[in-house]
Amino acid sequence: QVQLVESGGGLVQAGGSLRLSCAASGRTFSSYTMAWFRQAPGKEREFVGFTSYIGGRTYYADSVKGRFTISRDNDKNTVYLQMNSLKPEDTAVYYCAAQRAGSADFGSWGQGTQVTVSS
């Protein structure tokens, strides 16, 4: 499994933007589907989106579609979450996760990074 470290969180006003990064260890990053999840206080963890190891295909939750973009740089072993038009309800701890090709679940998780959107 890979080790994941997120960065880029912070405080931003509603309507603003942030870009989160998730750096992965290991030499097989390109064979992992990489996903972002988030968890707000008192709520269950929520799926945000993913980028597949197959051609970098992406998929997003309806709540972020059109505002968030996931991209990956396999040369840098890094996945990004570009968040635009942020809303207070986007406030959460954001986690990246890795699913190895052929695996049934996300076996590696980062420690999370806090995103706070003020109104």
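Biologist: Is arginine 38 buried or exposed?

Modeller: In this predicted model, arginine 38 has a relative accessible area of 6%. Buried means under 20% relative accessible area, so arginine 38 counts as buried.

Biologist: Where in the chain does arginine 38 have its place?

Modeller: Arginine 38 belongs to strand S4, which covers residues 32–39.

Biologist: Which side chains make a polar contact with the side chain of arginine 38?

Modeller: The side chain of aspartate 90 does, at 2.9 Å. The side chain of tyrosine 94 makes a polar contact with arginine 38 as well, at 2.9 Å.

Biologist: Leaving aside neighbours within four places in sequence, which residues is arginine 38 in contact with?

Modeller: Asp90 and Tyr94 are on that list too.

Biologist: How many helices and strands does the chain have?

Modeller: There are zero helices and 11 strands. Read along the sequence, the pattern is β-β-β-β-β-β-β-β-β-β-β.

Biologist: How do strands of a sheet pair?

Modeller: They pair through backbone hydrogen bonds, and the pairing is either parallel or antiparallel.

Biologist: How many bridges join S7 to strand S8?

Modeller: Six bridges join S7 to S8 (residues 78–83), and the two strands run antiparallel. As for individual residues, arginine 72 stands opposite valine 79 in S8.

Biologist: What does the radius of gyration say about the whole chain?

Modeller: The value is compared with the one for a compact globule. With 119 residues, such a globule would have a radius of gyration near 14 Å; the chain has 13 Å, which agrees. Along its principal axes, the C-alpha trace spans about 40 × 25 × 25 Å.

Biologist: What share of the residues is buried, and what share of the accessible surface belongs to carbon and sulfur atoms?

Modeller: Of the 119 residues, 45% count as buried. The accessible surface comes to about 6200 Å², and 46% of that belongs to carbon and sulfur atoms.

Biologist: What part of the contacts comes from residues 24 or more positions apart?

Modeller: Such residues account for 54% of the contacts in the chain with a separation of 6 or more.

Conventions. Residues numbered from 1 in each chain as written. Predicted model: local features only at pLDDT ≥ 70, side-chain atom pairs only at ≥ 80, totals over all residues. Heavy atoms only, no water. Pairing = 2+ DSSP bridges. Helix = DSSP H or I, 4+ residues; strand = E, 2+ residues; numbered from the N terminus. Rg over C-alpha atoms; globule rule 2.2 N^0.38 Å. Buried < 20%, exposed > 50% of the residue type's maximum accessible area, 1.4 Å probe, protein only. Contact = heavy atoms within 4.5 Å. Areas by Shrake-Rupley, 256 points an atom, 1.4 Å probe, with all protein chains shown as cover. Polar contact = N/O pair within 3.5 Å; in protein donor to acceptor, adjacent residues only side chain to side chain.
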